[in-house]
Each structure stands twice: as C-alpha cells, then as structure tokens.
There are 2 protein chains.
Amino acid sequence: MSRALTALVFALALAAPSAALTKKIPAAKVKAAAPSAPNPYFPPEPPPAPPQLHGIQYLYGSAEAAALTRQTWRILADFVDEQVASGTHRSVVLAPGSTLAEPHFTSCGDRPPAIVLDVDETSILNLGAEYDDLLANRRVFDEDAWNRWERDGALYVAPTPGAKEALDRLRDHGVTVIFNSNRAAVNAAGAEAALNAAGLGPARHGETLFLSGDDANGSMKDGRRQTIAAKYCVLAMAGDQLVDFSDLFKTEPNGIAARRATVAYSGIADLWGAGWFVMPNPVYGSGVQGGPDDIFPKDKQWRDPGPPQMPAPQTPTETQPKKAK
Amino acid sequence: MSRALTALVFALALAAPSAALTKKIPAAKVKAAAPSAPNPYFPPEPPPAPPQLHGIQYLYGSAEAAALTRQTWRILADFVDEQVASGTHRSVVLAPGSTLAEPHFTSCGDRPPAIVLDVDETSILNLGAEYDDLLANRRVFDEDAWNRWERDGALYVAPTPGAKEALDRLRDHGVTVIFNSNRAAVNAAGAEAALNAAGLGPARHGETLFLSGDDANGSMKDGRRQTIAAKYCVLAMAGDQLVDFSDLFKTEPNGIAARRATVAYSGIADLWGAGWFVMPNPVYGSGVQGGPDDIFPKDKQWRDPGPPQMPAPQTPTETQPKKAK
C-alpha cells in the first residue's frame with residue numbers, strides 16, 4: 001500500500017467514530033438523536049483498520065498507558081530503594097531446579113545490588129519501528145526490517161514514561177542497572193546506542209547489556225540471568241513478557257487459559273509488584289494471540305438478544321400475496 | 001455478519017501467523033527457511049481482523065495483563081494497608097479549586113478509611129459484552145446493546161485478576177470499598193448484581209455504589225467523589241481512565257501528546273502507584289484514539305529503507321528491447 005493510500009485509510013478510519021471512543025457517551029445524549037427514523041441512513045463502511053491499531057494507540061499514544069508505566073517504574077524504584085536502605089537483599093532470579101509452583105531463588109551473598117530489565121517495550125518504546133509497521137500495514141513480522149531497526153533505529157526510540165527518573169534514582173543509590181534483551185548480539189552497537197539515546201545508559205555489551213547470541217541458549221534468557229546473578233544480587237526484574245522473568249513460562253501449558261492461570265500459582269503470585277514488575281504491551285508478543293473461543297471462557301460468552309421482539313404478525317391469509325425475497 | 005461467517009473470519013485470521021506472535025522468532029530459525037526461492041509463493045491475504053482484536057486478546061486473554069493487573073491490586077492493597085497500620089490517613093481526592101499543576105486534597109478529619117474504585121475494566125472484566133462486541137464485529141458503540149448488558153450481564157463478568165484478594169484483605173482491615181461508575185443509575189440493580197457475582201460485593205447503590213445519574217453532573221465523577229469524601233477518608237482510587245481520578249483531565253488540552261504530558265505534571269506525577277492506581281485497558285476509552293501522525297512524534301517517524309539497493313543497471317542500449325510493464 002502506498003503512503004498516500006495508507007494515509008487515506010487512516011484518515012477515513014478516524015472520520016468514522018470508533019466504538020472505543022464513544023463507549024461512554026451519556027445515555028441522555030444518545031436519546032436526543034433522531035428516534036428510529038423510518039428510513040435510517042447507513043453510512044458506507046470505513047476501510048478496515050489493522051488489528052494492532054487499538055493496541056498501538058494505547059501503548060504509544062495514551063495518557064493512561066503513560067500513567068500505568070510511570071506507576072510501575074515508581075513502585076519498582078520504591079521496592080528496590082527500601083531493600084537497599086534496609087539492607088535486606090533478596091534475589092528474585094529463580095535458581096536452577098525451581099518450578100513455578102515451587103520456586104526458590106539464587107542466593108545473594110555479599111554481591112552488589114542490581115536490577116535486570118528487558119529492553120523493548122519495557123525500558124524503551126520502539127516508536128520508529130511501530131510507526132513503520134503501521135504505515136507498511138504489515139500482517140506478518142518482517143525479520144529483515146526488524147534487523148535494520150536494531151542496527152539503525154537508535155534515534156527513533158523514547159524511554160518508557162518514568163524509566164529515566166527511576167533508573168537515575170536507583171543508580172544514585174548504588175544499584176547497577178543491567179539490560180537483558182533478545183535483540184541480536186551482532187547488533188549490540190545498535191542496542192547500546194538506543195538505550196543511550198533514550199537517556200537510560202550506560203549500557204555496555206557484556207557488562208550491563210546481555211543479548212541473544214551471548215551464550216548457546218539463543219532467545220532463552222535464563223542462562224543470561226544466571227550469568228548476571230553470579231555477579232550481582234538481583235533485587236528486581238522488569239519486562240513486558242513472562243519470559244522476561246523465567247523461561248519456565250515457556251514449558252508450562254501454553255493455552256490461553258493455562259498461561260493466564262500460571263501467573264496466579266501460589267509460589268509466584270506474590271512476586272508481581274514485589275520483585276517482578278510487568279510493563280503493558282498490547283502490541284506484540286505471547287499475550288497477543290487467540291480467537292474469541294480461546295479468549296473468552298464458554299460460560300462467559302454472552303450474546304446481545306437485541307431489542308424485545310414485536311408481537312408475532314398474524315398468520316398470512318390466502319388473500320395476502322407472498323413477498324418476493 | 002452471521003455467527004458462522006464471523007467464526008470463519010477468525011479461524012482464517014488465526015491460521016495466518018500475525019506479526020505480533022512471530023515478532024521474536026530467533027534469527028537462526030528464520031535463516032533456516034528456504035533462502036530466497038526464485039518463485040516465492042505469496043499466500044492469499046487473510047480477511048481483515050477488527051482493530052480492537054489485539055487489545056482484546058491482551059486484556060482478556062493474556063497472562064501478561066493478568067500479572068500486570070495482579071501487580072496493581074497488590075501494590076494498592078499494600079499502600080492502603082501501610083497507611084491504615086501507621087495511622088497516616090491522607091486523602092487522594094482533589095479538593096475543589098485544585099488544578100492538576102497545583103493539586104490539593106480533601107481533608108480526612110477522623111473519617112473512616114475507604115478506597116474508591118471504577119467498575120468496568122477496573123474491578124470487573126466485561127467478558128460477555130466484549131465477546132459479543134467481537135462477534136458482532138461492531139465498528140460503532142451500540143448504546144442499546146450496552147444498556148441491555150448493564151441490566152442483564154451480571155453472570156458473564158469476572159473480577160479483574162487479584163481484585164478479590166485485595167478487596168477481601170482491605171475489608172478485613174476495616175477499609176470500606178466504594179465503587180464510582182458511569183453505569184446508569186436506572187440500571188443500579190444490574191451493577192450491584194455484577195459486582196456481587198464477581199465476588200467483589202457488597203455493593204449497595206447510594207451507600208457503596210455511585211452511578212451516572214446519582215446527581216446532576218451526568219458522567220462527571222467529581223461530584224460523586226466529593227459526596228464520598230464527605231463521609232470517608234479516601235486513601236486510594238483505581239481506574240482505567242484518567243477521569244476515574246479527576247474530571248480536570250477533561251478540561252486540560254485533549255490532544256494525544258498533550259494528554260500524555262499531563263500525567264507527568266509535577267503536582268500529580270508522584271500519585272501514580274501511590275494513591276492513584278491505573279489498570280490496563282487497550283480496548284476502549286479515551287486512550288484508544290488517533291492515527292499514526294497523532295500517536296508518533298514527527299521526529300520518531302522512522303521508515304525502513306528496505307534492503308540495500310543493487311548496483312544501478314547499465315543504461316539500456318538501443319539493442320535491448322524495453323520490457324513491457
């Protein structure tokens with residue numbers, strides 16, 4: 001689709017009021033509209049907007065997501081600060097042999113305090129890449145385009161709201177900030193540049209930045225977490241995907257309902273907001289999948305019955321001609 | 001669209017891998033795919049999925065949103081518990097005459113502690129209504145269908161993850177739980193039933209449940225907040241929309257960038273996660289609006305240049321026939 005056509009599509013999509021925007025119009029206003037005109041006008045259907053549109057609007061454009069993200073950074077920083085101040089150092093990295101139902105944690109010894117953060121949509125917002133995705137109207141992930149983004153996109157990112165304030169505060173208090181990302185190690189210079197451009201550095205590959213390809217485990221992050229935990233006491237982790245906390249989430253049952261139940265396992269339910277901190281991402285990742293029957297439990301599948309039926313018409317008599325369909 | 005056709009649309013949408021799901025395929029796997037076959041097969045475009053799909057998948061189906069919501073309830077309960085335990089009662093309801101840049105708060109006196117919660121997509125998930133919306137493939141909000149939902153949907157909702165545990169805990173500690181919703185007062189019985197069915201009650205209209213139509217201010221919630229603050233010391237508020245915290249957000253500049261800047265005003269930036277608690281909602285509301293040029297700042301609008309250009313072909317000589325387009 002050409003840029004001009006894409007622009008037109010979005011202009012039209014915006015011209016039509018979306019269900020989302022008008023959801024809470026006061027009933028009074030709606031009632032004031034022409035009450036059941038005999039020949040209602042049906043405006044032409046607007047062209048389709050992509051399925052990721054509302055997620056993108058929310059994550060990159062909304063004040064609500066900005067406040068939610070700011071809230072998460074603030075509670076992370078408070079949580080870590082309190083432990084640093086009180087000297088209670090407790091690692092939140094799962095030790096080998098853990099399960100999600102019975103987790104146990106690496107020991108801290110006298111290692112210095114650190115936090116471990118995912119990069120994309122946790123520490124930085126990939127504004128440029130998502131703008132490009134939306135305008136290109138991609139339906140399938142383009143590995144090559146993403147690779148060029150990792151290399152060259154540094155100046156087109158922003159910190160997630162509140163990230164810089166939280167990291168500055170924690171560094172001031174002696175906490176080392178370490179990034180653990182699935183960006184490719186061959187593009188390490190781009191990842192460092194993006195974090196530094198967002199004001200979240202220093203990020204140095206192999207020291208405070210760990211990437212996919214650093215070890216033999218590909219995109220699995222547990223090995224890198226163990227490498228970090230061998231040098232630091234990791235007081236908090238943040239991510240937008242469950243695998244930013246443990247690879248065990250990959251080996252649990254992966255159906256929609258099963259994944260959702262996993263996070264409430266008694267062993268880990270209390271970590272959310274107290275060691276493990278989740279950032280919102282309704283745009284991509286494992287959280288964005290499934291159809292209506294996967295997402296909504298059978299016993300919650302309500303259908304609107306519509307307005308009450310008019311009294312049934314009389315049975316037509318022989319003298320009434322049947323209407324052509 | 002018929003139910004059968006809708007089901008088909010989603011089945012096809014699922015059959016095609018979405019950009020979201022495949023975003024972080026390890027590079028190695030991608031490389032293993034057939035390297036630039038001479039005659040690539042382009043599968044037919046899947047039919048369009050609705051723009052709210054990814055937001056719905058995330059909010060109602062993802063483990064990530066469940067963890068994020070659980071995290072928010074947990075920090076809200078911890079925050080309130082700490083104030084109750086220490087006797088430091090500080091209201092988070094803006095007093096009349098406040099601005100967002102210079103907020104001040106209602107006084108607590110010796111009023112008993114309470115929290116004030118929005119209902120929809122804060123305390124409960126409207127699973128049935130969103131399932132219906134998705135299957136009906138609505139592009140515009142249907143006020144009548146929503147009205148029927150308010151009246152009859154009680155058994156098709158669920159508490160947001162972690163809500164019940166947090167409210168049970170706070171009630172045990174003497175905190176009154178009050179709901180302030182823009183559901184219609186005429187449907188109060190339905191709102192009470194929904195909250196009770198979700199295990200979040202008791203909710204009694206006029207006592208612990210305030211609705212649109214309770215006063216002369218329609219969907220504006222500040223008046224109801226003042227009514228509540230006259231009887232209680234409100235230690236925390238939770239909502240998925242900025243107006244769940246103050247109507248002042250409506251009178252601030254309402255452009256996308258301006259709204260997003262508002263939440264960082266120095267007077268209120270520190271309330272997020274410490275008195276004001278935001279729940280995720282990428283499905284509807286004021287956060288879900290705008291096109292690419294509204295969402296993405298001009299200086300972050302990256303476009304992928306594509307693969308490096310081949311060396312320019314030689315200027316065609318007269319002997320080379322021109323190709324038909």
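Predicted model: local features only at pLDDT ≥ 70, side-chain atom pairs only at ≥ 80, totals over all residues.

Trainee: Is B:Glu121 buried or exposed?
Mentor: B:Glu121 lies in the loop between E1 and strand E2 (124–125) of chain B, and has a positive phi of about 60 degrees although it is not a glycine. Its relative accessibility is 2%, and since buried means under 20%, B:Glu121 counts as buried.

Trainee: What is the relative accessibility of B:Asn137?
Mentor: B:Asn137 is a residue other than glycine with a positive phi, near 55 degrees, and is found in the loop between helix H5 (127–136) and helix H6 (143–152) of chain B. B:Asn137 counts as partly exposed, its relative accessibility being 28%.

Trainee: In what order do the five strands form the open sheet of chain A?
Mentor: The pairing in this open sheet is parallel. Its edge strands are strand E5 (209–212) and strand E7 (276–278) of chain A, each of which pairs on one side only. Neighbouring strands are turned by 20 degrees against each other on average, direction ignored. Read across the sheet, the order is E5-E4-E1-E6-E7.

Trainee: Which residue in E6(A) stands opposite A:Ala114?
Mentor: Strand E1 (residues 113–117) and strand E6 (residues 233–239) of chain A pair in the parallel sense over five bridges. Within E6(A), the residue opposite A:Ala114 is A:Val234.

Trainee: Which residues of E1(B) are buried on the two sides of the strand?
Mentor: In a regular strand the side chains alternate between the two faces of the sheet. Strand E1 (residues 113–117) of chain B has five of its five residues buried, and it is joined to strand E6 (residues 233–239) by five parallel bridges and to strand E4 (residues 176–184) by four, also in the parallel sense. One side carries B:Pro113, B:Ile115 and B:Leu117, while the other carries B:Ala114 and B:Val116.

Trainee: With which residue does the side chain of B:Trp73 make a polar contact of 2.9 Å?
Mentor: B:Trp73 belongs to helix H4 (residues 63–86) of chain B and is buried, with a relative accessible area of 1%. The side chain that joins B:Trp73 in the polar contact of 2.9 Å is that of B:Thr160.

Trainee: What rotation superposes chain A on chain B?
Mentor: The superposition has an RMSD of 0.0 Å and 0.0 Å of shift along the axis, which is the relation of a two-fold axis. In chain A, the C-alpha nearest this axis is that of A:Pro51, 1.9 Å away. The copies meet through the same surface, because 100% of the interface residues of chain A are also interface residues in chain B. The rotation is 180 degrees.

Technical notes
Residues numbered from 1 in each chain as written. Chains lettered and ligands numbered in written order. Heavy atoms only, no water. Buried < 20%, exposed > 50% of the residue type's maximum accessible area, 1.4 Å probe, protein only. Pairing = 2+ DSSP bridges. Polar contact = N/O pair within 3.5 Å; in protein donor to acceptor, adjacent residues only side chain to side chain. Axes fitted to C-alpha atoms, helices over the stretch in contact; angles between N-to-C directions. Least-squares fit on C-alpha atoms with pLDDT ≥ 70 in both. Contact = heavy atoms within 4.5 Å.
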